[in-house]
Amino acid sequence: MSTVLLRRNIPLWLSIIAATIIALRSFIIDPSISYWAGLLTTWGTVVVAIISGLGVVNLILFHTPKIRSMQNKPVVGQWFYSASTIIFTVLFVVIGLTQLPTSSMYLWWYNVWVNPIAGLISFISAYFSLTGTYRAFKIRTLEGAALVIPALLIFLYDCPLGPYLFPFLGPIGVILFGTIGGSMMRSAIVAIGMGMIYISLRTIFGMERGYMYEEGA
Amino acid sequence: MVIQNLFALILVVTSIAVLWYNYWWASKGHKFFIRKLPALDAISEALSRCAELGVPAYFPMSGGPVEQAQSGPSHLAALSIMGYATKPASEMGVKILVGTVQPPLIAMSDDVLTEGYRINGAPELHKLEDVMYYPGQMQIVAGSDSLFKQYKMASTFMLGSWWADTPAMCEVVKRHDSFLIGGTEYIENVSYLVAFSDYALVFEEIYAAGAYISDDEKLKSSIFSEDIIKMIVIALTIVGAIAVSAGMRDFLKWIAM
């Protein structure tokens, strides 16, 4: 079989059939369609779960050379961080496979190690978000002003003290939130919805091929 | 067998019919016009900046799962742009690094880059390790900061589905003075990407990217089809608003059939 057939046509036909069956479930109430659509959705979940293992392979591929060469870039002791990443990944895979994720040992490792570190990283990211927001809300262009002035009014409107100190903020906030914001949001949802439908149709019918193997097509 | 959501079914069937009619029209030689999208014209500019500085470009992909209804299509749109970007990247000898929080995107982006570089004659520019996996939204921010320190990526493409990590990620990109092309369909974060990016795609523009970059009339015809259906939806919205205001509430029942 040619490579084009294997890598493009067969996946394309499989996706057309699967997508049609799953889409039909939304429009036709029929036990056989529900059964096949449910089965295909489950297969999709299984495929995604198997691919998740690729994340582990990828981490090992990325970090192993750093450990082997005792790398100190981009930070001093990088090799140590890489080694600890791999050790913890392997540890969790082993505990998860032997003890199940609901076991007390797994939960102990998760609650004592992962949760605090994840919380710390989220906190650091929140700092970046804060400084980022400051950078975004500097008025440098006309678009920047269009973003900042309503944001400032909404910000004041949302603070209890804002409408108390500046009573005119009440109706302005209602107009900005309810009338302008609401209608803009709905129009954006319609536009995005149409875009989503059409890129899905293009993908299902094999028209959108930017991400596909094109040689010999 | 019982039919439900009849109105939505009619809309989907009409969309498919309009899509195929315009596809046929394009295959007969009809030309379609798409207005200029500066963000997509700037892809070459972004990659040439990387070539001049001798550093890679960065394509982080965060947001929702690939199999989700909202984030899936925008991930596909981003992968399309990535695929098209491999052509100028191969010509200029620029590596594209990818960071993602979604394991399926490792396989997908690796495939896009491997094939893209190979077809354009530069297979040596990509290997699986160039796709970095991060286990969460905030972890990609911290990890990307590290990557920027090491590889000094001169251009970043923040395209696709972007969630709560958007402002933090934008800040990391700008702290490292990277040229940023951004675009997301996620309404809450569009404003951040517009404010931070050197060039931005807003709302559904990201879905039109494949058609715009490929310059393929058949693909462009699908954007025209989308606009036709959009006009129908706008007309229905206006008719509905008038009908309901005039007390004809049966319109709502008909549309929700």
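View 1. Helix H5 (residues 137-151) of chain B gives the most to the side that touches chain A, with 10 residues (helices, H or I, have at least four residues and strands, E, at least two, as DSSP runs numbered from the N terminus). Salt bridges between the chains number 0 (Lys or Arg side-chain nitrogen within 4 Å of an Asp or Glu carboxyl oxygen).

**View 2. A strand pair between the chains.** Strand E1 (residues 28-29) of chain A and strand E1 (residues 2-3) of chain B run antiparallel, joined by 2 bridges; pairing requires at least two DSSP bridges. Here A:Ile28 stands opposite B:Ile3.

**View 3. The open sheet of chain B.** Its 6 strands follow the order E4-E3-E2-E5-E6-E7, with parallel pairing. Strand E4 (131-133) and strand E7 (199-202) stand at the edges with a single partner strand each, so one side of each has no neighbour in the sheet.

**View 4. Strands E6 and E7 of chain B.** Look for 4 bridges joining strand E6 (residues 179-184) to E7 in parallel. B:Thr184 has B:Val202 as its bridge partner in E7.

Residues are numbered from 1 along each chain as its sequence is written, and chains are lettered from A in the order in which they are written. In this predicted model local features need pLDDT of at least 70, and side-chain values use heavy atoms, without hydrogens and water.

Methods
Predicted model: local features only at pLDDT ≥ 70, side-chain atom pairs only at ≥ 80, totals over all residues.
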